[in-house]
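Hi everyone, thanks for making time for this. Have a look at the sequence and the structure on the screen, and I'll walk you through a few places in it.

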Amino acid sequence: MAETESLVAAGVPVLLRHPPHDDGHQAAPLIVLWHGFGPPENEAALLAALPLDEVQAYKAYLGLPGGGDRPKDVDAGEGPCSPEDFLMQRYLPALDGAVRDLPGVIEALKGRARLRLAGGIGLFGVAEGGAAVQFALLAGRVGIAAAVTLNAPKNPFAAVAHAERQSGAPYTWSAAARAAARRADPLGRAADIAQREPPAALLLLHGALDVHFPPADTRALRDALRPHYAQRGYPEWLVDRTLPGLGHHLGPPATEGPQPEALAGGMALLRETVVEWFRLHLDRPRL
C-alpha cells in the first residue's frame, strides 16, 4: 500500500505519494503534478484521479497558485471572470508562480531525510496545470526527463478566447498583455521547448469530448514542436493522443461530461497511458 503524506515544501502545500512498498532505502524518480482551475481543482482530487501507483516513483501533487490549498495570492475566482482579470490576475500569475516554485520544491523534497531521488524528473498537468507544464519546459529552470499535459490550451491567446466565450466580454489587448502572453506561448516558442539536450519526452493528451479546448489545440502544439524534435533526433519523444470518453474535467460537472460508463473507460485509458509514458522515460536522468 502506497503511503501519502501532507507537507509543505518551499512554502508550497504538497501531497506526497510514496512508491508502493517504499522502505526509505530504495531511490526513485520524482513526478510533480499540477491540477487545474476545475475538477480536479486541488491536490487531493488530482491524487484521487491519478495516484499512478504503477509507477515506481515519488508523486508530488502541488497546489497551483490561486487554487488547491494555496494561499489565495492569485485570484482563482469563482466561475467566469472578465478576460482582463483572467489573463493578468489569474492565468499568467498561476503559470509564473508554479514555474517559480518548482526548483525550490524539488530541492526541498530532495532534502527530506526519508526521500531518496534518482533518475529523471517528471511533470504532469491538467488544463491550466498543463499550461504550467508547458511554461516550465519553456523556462528551462529544471531538467525534465518526461512531461505529460492533458486538455491544456495551446497558448495564453486560446485561454483568453475561452474566457471571452465564457464571460461574453471581449478583451482589448494591451502591449504589455501581448508581451506577457507571448512569453508563455509554446506555439511561438516551440524551439525553446526542445532546446535542452536531450529534450523532455513530451506526451500531449486531450479528451475527445473536451468542449472548452478542442483536441485540435493539442495537435497544433504537436505540429509546432515536431520539426524541432525531429531536427534534434528525438521524433519518437513527442507523441499526441486523443482519449475517447474524456471531457475537459476529470469528472462530470453539471454542464459537461460524458456518460459514467464512457468516463470510467476514458479514465482507465488515461491512467494506463500516463503510467506507460513515465515508466518508459523516467529512467533516463537529465543533466
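Let's begin with an aromatic cluster made up of Phe157, Tyr171 and Trp173. Please keep in mind as I talk that this is a predicted model. Phe157 belongs to helix α4, while Trp173 is in the loop between α4 and α5, so the pair ties together parts that are 16 residues apart in sequence. The other pair is Tyr171 with Trp173: here the centres are 4.6 Å apart and the planes are at 70°, so the pair is edge-to-face.

Staying with α4, let's look at the helix itself. Which residues of α4 are buried? They are Pro156, Ala158, Ala159, Val160, His162 and Ala163. His162 is one I'd like you to find on the screen, in α4, which covers residues 156–167. His162 has 13% relative accessibility, so it counts as buried. Leaving out residues up to four places away in sequence, His162 touches His212 and Phe213. After the helix comes Gly168, with a positive phi near 75°.

Now over to helix α3, residues 128–139. How well does its length agree with expectation? Its twelve residues should span 16 Å at 1.5 Å a residue, and the end C-alpha atoms are 16 Å apart, so the two agree. This helix is mostly covered, with eleven of the twelve residues buried. Among the buried ones are Glu128, Gly129, Gln134 and Phe135. Just after α3 there is a glycine with positive phi, Gly140, at about 65°.

Setting aside neighbours within four places in sequence, Gly36 is in contact with Glu41, Val126, Glu128 and Gly129. You'll find Gly36 in the loop between β3 and α1. Its relative accessible area is 2%, so Gly36 is buried. Gly36 and Gly63 are 27 residues apart in sequence, with their C-alpha atoms 9.3 Å apart in space. And if you look at Phe37, you'll see Arg90 lying over the face of its ring, 4.6 Å from the ring centre.

Asp96 sits in helix α2, and beyond its neighbours within four places in sequence it is in contact with Phe135 and Arg183. With a relative accessible area of 23%, Asp96 is partly exposed. Between Asp96 and Pro65 there are 31 residues in sequence and 8.8 Å in space, C-alpha to C-alpha.

What about the nonpolar core? In soluble globular proteins, nonpolar side chains tend to be buried together. Here the largest nonpolar core has 90 residues, and the ones touching the most other members are Trp34, Leu123, Phe124, Leu225, Tyr229, Leu270 and Phe278. Helix α2, residues 83–110, gives the largest share of this core, with twelve residues. To zoom in on one member, Leu225 touches Ala190, Ile193, Leu202, Leu204 and Leu238, not counting residues up to four places away in sequence.

Last, a word on confidence. The mean pLDDT of the protein is 87, and 86% of the residues reach 70 or more. Where does pLDDT stay under 50? That happens over residues 74–83, and the model has 25 contacts for that stretch beyond four places in sequence. Where pLDDT is low, the predicted coordinates should not be read in detail. That's my tour, and I'm happy to go back to any of these spots.

Conventions
Residues numbered from 1 in each chain as written. Predicted model: local features only at pLDDT ≥ 70, side-chain atom pairs only at ≥ 80, totals over all residues. Heavy atoms only, no water. pLDDT = per-residue confidence, 0-100. Contact = heavy atoms within 4.5 Å. Helix = DSSP H or I, 4+ residues; strand = E, 2+ residues; numbered from the N terminus. Buried < 20%, exposed > 50% of the residue type's maximum accessible area, 1.4 Å probe, protein only. Expected span 1.5 Å × (residues − 1). Core = buried A, V, L, I, M, F, W, Y, C linked by side-chain atoms within 4.5 Å. Phe/Tyr/Trp six-rings, centres within 6.5 Å; stacked < 30°, edge-to-face > 60°. Lys NZ or Arg CZ within 6 Å of the ring centre and 35° of its normal.
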